[in-house]
Amino acid sequence: MKFSTRAIHAGQDADPATGATIVPIYQTSTYTQEAVGVHKGYDYSRTANPTRAALETQLAALEDARYGCAFSSGMAATAAVLNLLSAGDHVVVTDDLYGGTYRLFARVLARYGIGFTYVDMSDLEALEAAVETNTKMFWIETPTNPLLKLIDIAAVCGLRDARHPEGQRAVVAVDNTFASPYFQSPLALGADLVVHSTTKYIGGHSDVVGGAVLTNDQALHDVVKFHQNAVGGIPSPHDAYLTMRGAKTLALRMREHERNALAIAGFLESHPQVERVYYPGLPSHPQHDLAKRQMSGFGGMLSFTLLGPQRRAIDFANRMRYFSLAESLGGVESLICHPARMTHGSIPREERERRGITDGLLRLSVGIEDLSDLLADLGDALEGSARDYSR
Ligand SMILES: *Cc1c(COP(=O)(O)O)cnc(C)c1O
């Protein structure tokens with residue numbers, strides 16, 4: 001089955017009770033048993049719910065994975081994966097990391113005796129130096145946010161294999177939120193687990209928060225599933241329904257996101273008022289070859305800086321008509337964000353600037369509106385802000 005067919009059909013059988021073509025929202029916490037211990041596979045909705053089960057089958061199919069667990073948020077999914085570890089274990093982490101993931105690692109899990117080393121994983125020597133004898137996990141995010149740097153997933157898996165004998169292998173987990181399963185398949189590149197914030201491209205309509213963990217490894221899945229029930233970070237049946245509805249059109253949406261983002265990246269790069277564009281689909285991106293090898297498309301996220309004073313970025317963001325000034329990403333509507341003041345505001349300025357997240361940087365989540373309207377919006381804001389900040 002090809003991707004679009006899987007997205008529409010996996011887990012979406014007609015309802016066995018009524019024949020309803022669309023999976024119903026089973027808004028129930030419990031299930032009546034025929035006799036003590038005799039039931040249809042469901043006894044309590046934290047443990048399992050038919051709407052969530054349909055979503056889990058669909059999300060696993062999107063990553064071509066055997067197993068899937070759905071969660072109430074991307075962070076709950078990430079926490080469930082970290083539940084694989086115990087006090088004394090060590091994790092090597094991408095340094096250009098989603099802020100919420102950094103907060104969970106540094107301010108929650110570090111207190112439980114788990115060690116974290118943050119490293120630029122695109123530098124394989126630095127990565128190798130960060131590995132300790134107690135390293136049990138590699139946490140990869142690629143492309144990164146907001147600078148769209150790429151990590152070579154297969155290379156990290158290769159390093160892991162070389163360092164760890166079979167049987168004591170560290171787990172490679174990839175947060176695949178930015179690329180979406182339509183453009184990147186970490187499991188096929190050797191990763192053990194994929195994590196998604198389904199809030200973003202998979203849900204796709206900015207109306208539901210959710211997360212997922214997908215794997216082909218039954219032993220890993222069993223532990224994640226155990227913690228899903230033991231900790232309880234599950235999505236409601238209604239949230240599961242909304243995510244499932246959104247995911248059916250993922251292929252269609254991703255193609256449009258990418259088409260618009262490629263055109264906008266090209267437009268910005270050739271505009272005399274733009275200093276630099278960060279988009280893996282541009283031949284000028286330093287890892288464009290890796291992007292072509294590792295991804296089947298370049299996605300809908302891009303960042304850029306303008307010429308002139310850095311405060312011009314804020315003036316520019318305030319001028320947009322169709323790009324809403326908002327955090328988050330991956331919905332059908334275009335968004336603009338000023339990372340230094342918004343998504344990455346909690347990182348101290350010095351550390352932020354060391355990573356390249358300056359006050360002049362702007363990030364776009366390119367939506368699927370008509371391209372000509374988006375280009376006109378950007379062009380007008382560039383002209384308007386050029387008048388105010390002519391060099
Ligand atoms: C949003 C996001 C998360 C967290 O997901 P939530 O659904 O907001 O909990 C994790 N990783 C990445 C890359 C994200 O963009």
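Biologist: What should I know before I start?

Modeller: This is a predicted model, where local features need pLDDT of at least 70, side-chain atom pairs count only at pLDDT 80 or more, and totals for chains, interfaces and linings use all residues. Residues are numbered from 1 along each chain as its sequence is written, and side-chain values use heavy atoms, with hydrogens and water left out.

Biologist: Fine. How is the protein chain divided?

Modeller: Into domain 1 (3-247) and domain 2 (251-389). Those bounds come from an automatic or database domain assignment.

Biologist: How far apart are the C-alpha centres of the two domains?

Modeller: They lie 27 Å apart. The domains do touch: 35 residues of domain 1 are in contact with 36 residues of domain 2. Contact means heavy atoms within 4.5 Å.

Biologist: Let's go to the strands. Is β5 buried or exposed?

Modeller: Buried. 5 of the 5 residues of β5 are buried, so the strand is largely enclosed by the rest of the structure. Buried means under 20% relative accessible area, exposed is over 50%, and partly exposed is in between (1.4 Å probe, protein chains only). Strands here are DSSP runs of E with at least two residues, helices are runs of H or I with at least four, and both are numbered from the N terminus.

Biologist: Which residues sit on each face of β5?

Modeller: Val 171, Ala 173 and Asp 175 are on one side. Val 172 and Val 174 are on the other.

Biologist: And what does β5 pair with?

Modeller: Strand β4 (residues 135-141) runs parallel to β5, with 5 bridges. Trp 139 stands opposite Ala 173 there. β5 (residues 171-175) also runs parallel to β6, with 3 bridges. In that pairing, Ala 173 stands opposite Leu 193, and Val 174 stands opposite Val 194. Two strands pair if DSSP finds at least two bridges between them.

Biologist: How covered is β6, then?

Modeller: Mostly: 5 of its 5 residues, 193-197, are buried. Leu 193, Val 195 and Ser 197 lie on one side, with Val 194 and His 196 on the other.

Biologist: Which way does β7 run against β6?

Modeller: Antiparallel, and 5 bridges join the two. Val 195 stands opposite Val 213 in β7.

Biologist: New topic. Which residues come nearest to the ligand?

Modeller: Gly 74, Asp 175, Ser 197, Thr 199 and Lys 200, of the 13 residues around it. A residue counts as near if one of its heavy atoms lies within 4 Å.

Biologist: What about polar atoms?

Modeller: A polar side-chain atom of Asp 175 lies 2.6 Å from a ligand nitrogen atom. Thr 199 has a polar side-chain atom 2.7 Å from a ligand oxygen atom.

Biologist: How much of the ligand does the protein cover?

Modeller: It covers 92% of the 380 Å² of accessible area that the ligand has on its own. Those areas come from the Shrake-Rupley method with a 1.4 Å probe; for residues, only the protein chains shown count as cover.

Biologist: Last one. Where is Gln 12?

Modeller: In the loop between α1 (3-9) and α2 (50-62).

Biologist: Why does Gln 12 count as buried?

Modeller: Because its relative accessibility is 12%.

Biologist: What is Gln 12 in contact with?

Modeller: Leaving aside neighbours within four places in sequence, its contacts are Thr 21, Val 23, Ala 54, Gln 58, Met 244 and Lys 248.

Note on methods. Polar contact = N/O pair within 3.5 Å; in protein donor to acceptor, adjacent residues only side chain to side chain.
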